[in-house]
Amino acid sequence: MSAINTHNLHIEKASTSKIKDVDFKNLTFGNTFTDHMFLCDFVDGEWQQPKIVPYQAMQMEPSARVFHYGQAVFEGMKAYKDENGDVFLFRPDQNFERINKSCARLAMPEFPREYFFEGLTTLLNLDKDWIQTGVGNSLYVRPFAIATEPVISAAPSRTYRFMIICSPVSPYYKGKVRVLIAEHFSRSADGGVGYAKAAGNYAAQFYPTNLAQQKGFQQVIWTDSNTHTLLEEAGTMNVFFRIKDTLITAPTSDRILDGVTRKSVIQIAKDNGIAVDVRPIKVSEIVEASENGTLKEIFGAGTAAVISEISAFEYRDKVHELEDLGSQSYAAQLKQKMLHIQHNLAEDKHGWRYQVL
Ligand SMILES: *Cc1c(COP(=O)(O)O)cnc(C)c1O
């Protein structure tokens with residue numbers, strides 16, 4: 001192992017790479033990790049020297065607060081490599097700002113910008129061979145922060161660990177998704193943590209999603225917790241509806257996460273002359289549009305899948321099937337445009353690409 005110290009980042013390189021054991025043609029999302037990881041501890045009211053070390057298991061006391069009270073936040077972003085070997089992130093400033101918003105909501109200390117970007121770029125440089133070229137291939141980057149203080153009284157931790165781990169992903173088309181509209185369970189509430197990428201939000205979704213899966217639906221479309229009459233998110237993605245030729249998506253709020261993919265899809269749609277309406281959407285309106293044939297598409301938008309098309313939804317025991325528009329769908333067209341910008345195959349007129357190396 002060799003150790004390098006840049007002005008504030010300590011690097012300990014892995015002595016051997018695991019990359020030769022990886023079958024990049026048969027990756028399962030989130031199962032394989034690169035050779036290195038980034039970490040930085042918060043102790044005595046300060047972030048300590050950040051480090052990059054070989055990816056490895058960690059020791060933690062069973063009393064660490066994260067295990068008891070779920071004081072944990074995360075992000076998800078992707079790095080892409082073009083045919084020249086240049087590596088890009090997509091709007092990483094948005095993820096940086098969002099993780100600090102999430103931290104603030106979970107009473108966790110914000111992470112410094114310089115540490116985040118220096119850590120991220122150095123980590124991607126060290127593990128650049130793990131990023132495969134080709135549209136759809138990428139390296140999923142997972143920054144997260146956890147409460148580490150070994151005390152089980154219910155209060156915010158006084159120590160934290162901020163980390164970044166990376167996992168190679170290949171395009172994996174799961175097919176279209178069938179969804180159930182939530183009438184009882186909720187993902188988030190007014191004044192709650194729905195807008196934060198809090199780990200516990202996901203844990204709370206697993207049970208209702210399992211119930212939906214038992215009924216033959218892959219995901220739940222979440223409605224507002226007060227009345228269950230407004231459509232908010234699809235699983236862990238923002239959701240878009242196309243009625244006639246207009247795309248509609250709900251405004252972000254306490255309850256709805258401000259997705260980077262969502263805001264990019266809105267911009268790309270507008271750039272391509274597609275009308276976008278950002279406003280609350282009633283379940284009744286979508287049911288009616290489905291019945292009178294004006295509901296053309298529903299799709300989810302998020303970093304992992306970019307765009308995930310929905311083929312049917314169930315509401316009050318009635319299943320509504322959507323027509324398959326194939327490559328003519330807004331979903332397919334917007335996904336293609338987004339991927340081309342991310343992979344440096346199309347003009348980046350909004351300055352979204354961030355070159356890492
Ligand atoms: C992460 C996430 C999204 C998508 O955000 P992106 O920035 O587009 O990846 C949407 N909804 C929820 C609840 C999320 O956690």
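A total of 20 salt bridges is found in the structure, which is a predicted model. One of them is formed by Arg-98 and Glu-75, whose closest N and O atoms are 2.8 Å apart. This pair connects distant parts of the chain: Arg-98 belongs to helix α2, whereas Glu-75 lies in the loop between β6 and β7, and the two are 23 residues apart.

According to the domain assignment, the chain comprises domain 1, covering residues 3-169, and domain 2, covering residues 177-342. A distance of 28 Å separates the C-alpha centres of domain 1 and domain 2. Contact between them involves 21 residues of domain 1 and 22 residues of domain 2. About 1,900 Å² of area is buried between the two domains, and carbon and sulfur atoms give 62% of this area.

Zero salt bridges are counted between domain 1 and domain 2. Polar contacts, in comparison, are represented by eleven residue pairs between the two domains, with both residues of each pair at pLDDT 80 or more. On the side of domain 1 that touches domain 2, two or more residues are given by each of the elements β6 (72-74), β7 (77-81), β8 (87-90) and α2 (92-105). Helix α2 provides the largest share of this side, with six residues. Classified by residue type, the side of domain 1 that touches domain 2 contains eleven nonpolar, four polar and six charged residues.

A further local feature is the hairpin of β18 and β19. Strand β18 spans residues 306-315 and strand β19 spans residues 318-321; the two run antiparallel and are joined by four bridges. Within this pairing, Phe-313 has His-320 in β19 as its bridge partner. Two residues lie between the strands of the hairpin, and Arg-316 adopts a positive phi near 45°.

Note on methods. Residues numbered from 1 in each chain as written. Predicted model: local features only at pLDDT ≥ 70, side-chain atom pairs only at ≥ 80, totals over all residues. Heavy atoms only, no water. Pairing = 2+ DSSP bridges. Domains from an automatic or database assignment. Contact = heavy atoms within 4.5 Å. Buried area = accessible area lost by both parts, 1.4 Å probe. Salt bridge = Lys/Arg side-chain N within 4 Å of Asp/Glu carboxyl O. Polar contact = N/O pair within 3.5 Å; in protein donor to acceptor, adjacent residues only side chain to side chain. Nonpolar A, V, L, I, M, F, W, Y, C, P; charged D, E, K, R; others polar.
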